[in-house]
Amino acid sequence: MGVSDKSLGGVMLLVAGFVFTYYTTWAILLPFFDASSPIHNYFPAREWAIRLPAFVLVLGLSGIGFFVGSTIMKENRKKAQKAKLRAA
């Protein structure tokens, strides 16, 4: 039994809202709190606020590049096979 699209969309929206709030607090609001504030215990070091999105961006662009490259290779193989069949 599957989950309805509406429920899945709601869960995805909640997760996206949480990630946005957490990252915004981490990257933008955290510098305004004193270093001895207990809120700093809930977040990793600030340099990871740049490293993680950069890593996700590189990973995502690599995945898109791999998908486009494999699709182009498959299409070229199909064209080559059609050309062989026409020539035969």
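Trainee: How far apart are the mean positions of the positive and negative charges of the protein?
Mentor: In this predicted model, the mean positions of the 10 positive and 4 negative charges are 22 Å apart.

Trainee: What makes the protein more spread out than a compact globule?
Mentor: Its secondary structure comes to 2 helices and 0 strands. The radius of gyration is 23 Å, whereas the globule rule gives 12 Å for 88 residues; the value is well over that figure, so the protein is more spread out than a compact globule. The C-alpha trace spans about 80 × 35 × 15 Å along the principal axes.

Trainee: What share of the residues counts as buried, and what supplies the exposed area?
Mentor: Of the 88 residues, 7% count as buried. The protein exposes about 7,900 Å², and carbon and sulfur atoms supply 73% of that area.

Trainee: Why is tryptophan 26 called buried?
Mentor: Buried means under 20% relative accessible area. Tryptophan 26 has 4% relative accessibility, so it counts as buried. This residue is found in helix H1, and its C-alpha atom is separated by 7.2 Å from that of alanine 49, 23 residues apart along the chain.

Trainee: Why does threonine 25 receive the label buried?
Mentor: The relative accessible area of threonine 25 is 19%. The cut-off is under 20%, and therefore threonine 25 is buried. Its place is in helix H1, residues 5-29.

Trainee: How do you know that the side chain of threonine 25 makes a polar contact with the backbone oxygen of threonine 21?
Mentor: A polar contact requires a pair of N or O atoms within 3.5 Å. The side chain of threonine 25 reaches the backbone oxygen of threonine 21 at 2.8 Å, so the pair meets that limit.

Trainee: Why is isoleucine 39 called partly exposed?
Mentor: Partly exposed lies between the buried limit of under 20% and the exposed limit of over 50%. At 23% relative accessibility, isoleucine 39 therefore counts as partly exposed. Its place is in the loop between H1 and helix H2 (48-87). Isoleucine 39 and threonine 25 are 14 residues apart in sequence and 10.0 Å apart in space, C-alpha to C-alpha.

Trainee: Where does UniProt place the feature "transmembrane region", and how much helix do those spans hold?
Mentor: The unreviewed UniProt entry places this feature at residues 12-32 and 52-72. In the model, residues 12-32 are 86% helix and 0% strand, with end C-alpha atoms 30 Å apart. Residues 52-72 are 100% helix and 0% strand, and their end C-alpha atoms also lie 30 Å apart.

Key:
Residues numbered from 1 in each chain as written. Predicted model: local features only at pLDDT ≥ 70, side-chain atom pairs only at ≥ 80, totals over all residues. Heavy atoms only, no water. Helix = DSSP H or I, 4+ residues; strand = E, 2+ residues; numbered from the N terminus. Rg over C-alpha atoms; globule rule 2.2 N^0.38 Å. Buried < 20%, exposed > 50% of the residue type's maximum accessible area, 1.4 Å probe, protein only. Areas by Shrake-Rupley, 256 points an atom, 1.4 Å probe, with all protein chains shown as cover. Lys, Arg positive; Asp, Glu negative; His and termini not counted. Charge placed at Lys NZ, Arg CZ, Asp CG, Glu CD. UniProt positions renumbered as here; feature names shortened; annotations may be inferred. Polar contact = N/O pair within 3.5 Å; in protein donor to acceptor, adjacent residues only side chain to side chain.
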